[in-house]
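Subject: Structure handover

Hi,

Here is the structure I promised to pass on. Please open it first, then read the notes below it.

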Amino acid sequence: MEKRWGKSPWTIDFHPLPRLLPERLDFAIVGAGFTGLAAAACLRQLAPEKSVGVFEAESIGAGASGNTGGMALAESSAGDLPGLGDVLGGFRQTVSELGVDCDLDLRGAWEIARKGGRHDSPISWSDSGTLRVVNEVAGGTVDPGKLVSGLARAADRLGALIYEDTRVKGLSFQDPICLKLDAKEICVESLLIATNAQSLELSGLDGRAEPKFTLAVATEPPTAAQLEVLGLASGKPFYTIDFPYLWGRLLPTGGVIFGSGLVGMENWRELQDIDIGAGQAAELIARIERRVRGLDPVLGSVGFTHWWGGPILIAEDWRPVFRHHALSERVVVLGAYAGQGVALSVYLGRWAAEAMLGLRPLPNWK
């Protein structure tokens, strides 16, 4: 069934050629987003003698990765975690080594708030108070379409087998691990589940993490003078550190993305039924439009070019999940980035590849 999540500004321009399913693999990955594709490429880069397969229920980037806003931030939504290391540095190194051109721009990011603003704040917006810059932090932006396409292209070039429209319906946790597809089982030595907010029974996260749906809009390009008035001429993305939450960034076209709001759900399968033109999602989209037009007089009559949303997953204390599956030490579960997964997902995808090869232990973030 076709999803009604709207249309993001990003273009995914790579899809693997159809191929026969294998009988066995050394490594399998479920989910072809940033995490799964980065892990696949790094597995083949580090161990080219090992076979690697990626199984995606829809198309590459069909979940969070192709529907994110493309803000690359340091650390995690829970802040710095024990042993996490340099997320942005590792992200930049990984995309560079894999030859991925994703318009990476790490010139910094603005933290904005309604109290404690800097006297020289370039931003002064009306939004339940006056929003001003309170801090500049490490970060920047990427083009998510180019990132997911580039990671898939790199994984394919390095010899990983990528299968779109191939849903893994279940797992056998015997020895070896077996993936259950429609008419076939594929046995593997080690498995990474990188489905994030979807297939939560498969990852063992059903009832342990909350799927949400977040929304965004993109405006028509303001003039250079209007961008100067808005305080966005520097090109730095921004996000509030208080509520109501608001985040955004410039597009290469000159338009501005603004995002906010979460649609809650009881079960991850409700994601498939979300329609941004109806119900709570439509109400939140309309609210974002009103907020944007009220931020500053130069946005009072601004037009919009894109409306869309995508899933996120929030686990306990907003910490990412990066651990072995409860039923097998040979299955790794990675996800729940809580909306801060662009750089983190690639960084941890490489870490997962190293862990699956026995080169690095998993972190202890429980």
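The largest nonpolar core has 51 residues. A nonpolar core here is a set of buried Ala, Val, Leu, Ile, Met, Phe, Trp, Tyr and Cys residues joined through side-chain atoms within 4.5 Å. Buried means under 20% relative accessible area, exposed means over 50%, and partly exposed is in between (1.4 Å probe, protein chains only). The residues with the most contacts inside this core are L147, L151, L192 and L348. Elements that give two or more residues to it are β1 (24–30), α1 (34–46), β2 (52–55), α2, α3 (144–157), β18 (328–335) and α7 (342–356). Helices (H or I, at least four residues) and strands (E, at least two) are DSSP runs, numbered from the N terminus. The largest share of this core, ten residues, comes from α7.

Two points on the source. This is a predicted model, so local features need pLDDT of at least 70 and side-chain atom pairs count only at pLDDT 80 or more, while totals for chains, interfaces and linings use all residues. Residues are numbered from 1 along each chain as its sequence is written, and side-chain values use heavy atoms, with hydrogens and water left out.

Back to the core. L151 is in contact (heavy atoms within 4.5 Å) with F34, L37, A38, A41, L98, V100 and V346, leaving aside its neighbours within four places in sequence. Another core, of 42 residues, lies apart from the largest one. Among its members are A209, F213, L299 and V321. As background, nonpolar side chains tend to be buried together in soluble globular proteins.

Next, β11 (185–193). Seven of its nine residues are buried, so β11 is largely enclosed by the rest of the structure. Strands count as paired if DSSP finds at least two bridges between them. The partners of β11 include:

- β1, which runs parallel to β11 and is joined to it by six bridges. F27 has S190 as its bridge partner in β11.
- β10, which runs antiparallel to β11, with four bridges. K180 has E185 as its bridge partner.
- β18, which runs parallel to β11, with three bridges. I193 stands opposite V333 in β18.

Now the open sheet. Eight strands form it, in the order β5-β6-β4-β13-β14-β15-β12-β16, and the pairing is mixed. β5 (124–126) and β16 (304–314) stand at the edges. Each has a single partner strand, so one side of each is left without a neighbour in the sheet. The twist averages 30° from one strand to the next. β12 (residues 210–219) pairs with β16 in the antiparallel sense over ten bridges. In this pair, K212 stands opposite I312 in β16.

Helix α6 (residues 279–295) packs on this sheet and touches β5, β12, β15 (256–264) and β16. Its direction makes about 145° with that of β15. For such angles, axes are lines fitted to C-alpha atoms, for helices over the stretch in contact, and angles run from 0 to 180 degrees between N-to-C directions. α6 has 17 residues and reaches 25 Å from its first C-alpha to its last. That is close to the 24 Å expected at 1.5 Å a residue, where the expected span is 1.5 Å times one less than the number of residues.

Which residues of α6 are buried? They are A281, L284, I285, I288, E289, R291, V292 and L295. Seen down the axis of α6, they fall within an arc of 165°, so they line one face of the helix. The arc is that of the directions from the helix axis to the C-beta atoms. What covers these residues includes β5, β12, β15 and β16.

Some local backbone features are worth a look. Most residues other than glycine have a negative phi, and most peptide bonds are trans. A cis peptide bond joins D175 and P176, with omega about 10°. P176 is in the loop between β9 (170–172) and β10 (177–180). The bond from F243 to P244 is also cis, with omega near 5°. P244 lies in the loop between β13 (238–240) and β14 (247–250).

N196 is not a glycine, but has a positive phi of about 50°. S199 is not a glycine either, and has a positive phi of about 50°. N196 is in the loop between β11 and α4 (200–203), and S199 is in the loop between β11 and α4. N196 counts as buried because its relative accessibility is 16%. S199 is buried, with a relative accessible area of 16%.

Best wishes
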